[in-house]
Amino acid sequence: MNDLLLNLKEKIIEGHEEAILNNEQHSKRNFLDLLLFIEAELYKKSEESKTDPVDKTKEKRSRNSYDESTRKNMYLVTFCFSYFGHKSLYPRLNQKKAMLAAAEAIGVDFSSFKNYRDLFDGHNNNHRKGWHNSKMPPLVQEAKEKYENLSEKEVIEMAKEVLQLPS
């Protein structure tokens with residue numbers, strides 16, 4: 001089952017990238033909704049396997065399958081990018097270069113980083129629409145609520161620490 005989800009995830013990412021190239025807004029949102037659904041299913045499966053007493057061989061992991069710490073770091077930094085802008089962390093870089101640098105520092109691929117930033121964009125008051133009709137997975141919603149209750153300075157400092165940037 002996980003292999004099927006991982007294969008679907010790869011195809012959805014390819015479709016999303018094609019939709020971006022062709023500027024197909026509706027298709028981009030549909031691909032992102034599917035990607036979030038699959039991410040949630042993969043997370044549920046990984047949680048189920050932790051409680052399963054039967055020893056299973058390790059499954060093939062996608063390049064987009066991240067451990068809990070990496071996911072939390074990605075949620076923090078993408079929240080910061082969405083709510084406070086890329087200049088809050090990388091004042092001398094343009095948006096794309098800042099996102100590339102942050103994704104590399106966290107150890108995630110660029111498309112995952114951008115997808116989560118876009119997800120947060122749809123749920124805040126910035127100039128980007130993001131995924132304005134997308135439901136947030138529970139872990140992403142928890143991160144949003146956590147960081148919204150902190151000051152801008154606190155969130156930026158936490159993100160700089162994750163990215164190993166000077167304060």
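**Salt bridges along the helices**

1. K114 and D118 pair their side chains in a salt bridge, 2.9 Å from N to O (a side-chain nitrogen of Lys or Arg within 4 Å of a carboxyl oxygen of Asp or Glu). The two residues are about one helical turn apart because they sit 4 residues from each other in helix α5 (residues 110–121); helices here are DSSP runs of H or I with at least four residues, numbered from the N terminus.

2. A word on the model: it is predicted, with local features needing pLDDT of at least 70 and side-chain atom pairs counting only at pLDDT 80 or more, while totals for chains, interfaces and linings use all residues. Residues are numbered from 1 along each chain as its sequence is written, and side-chain values use heavy atoms, leaving out hydrogens and water.

3. How exposed are the partners in point 1? K114 is partly exposed at 22% relative accessible area, whereas D118 is buried at 8% (buried is under 20%, exposed over 50%, partly exposed in between, with a 1.4 Å probe and protein chains only). A network of salt bridges links K114, D118 and R117.

4. In helix α6 (residues 138–148), E148 and K144 are 4 residues apart, so about one helical turn separates them. Their side chains form a salt bridge of 2.7 Å, N to O. E148 is partly exposed at 38%, but K144 is buried at 10%.

5. E68 and K72 form a salt bridge of 3.0 Å, N to O, and lie 4 residues apart in helix α3 (residues 68–84). E68 is partly exposed at 43%, and K72 is partly exposed at 47%.

6. For your tally, the salt bridges number 4.
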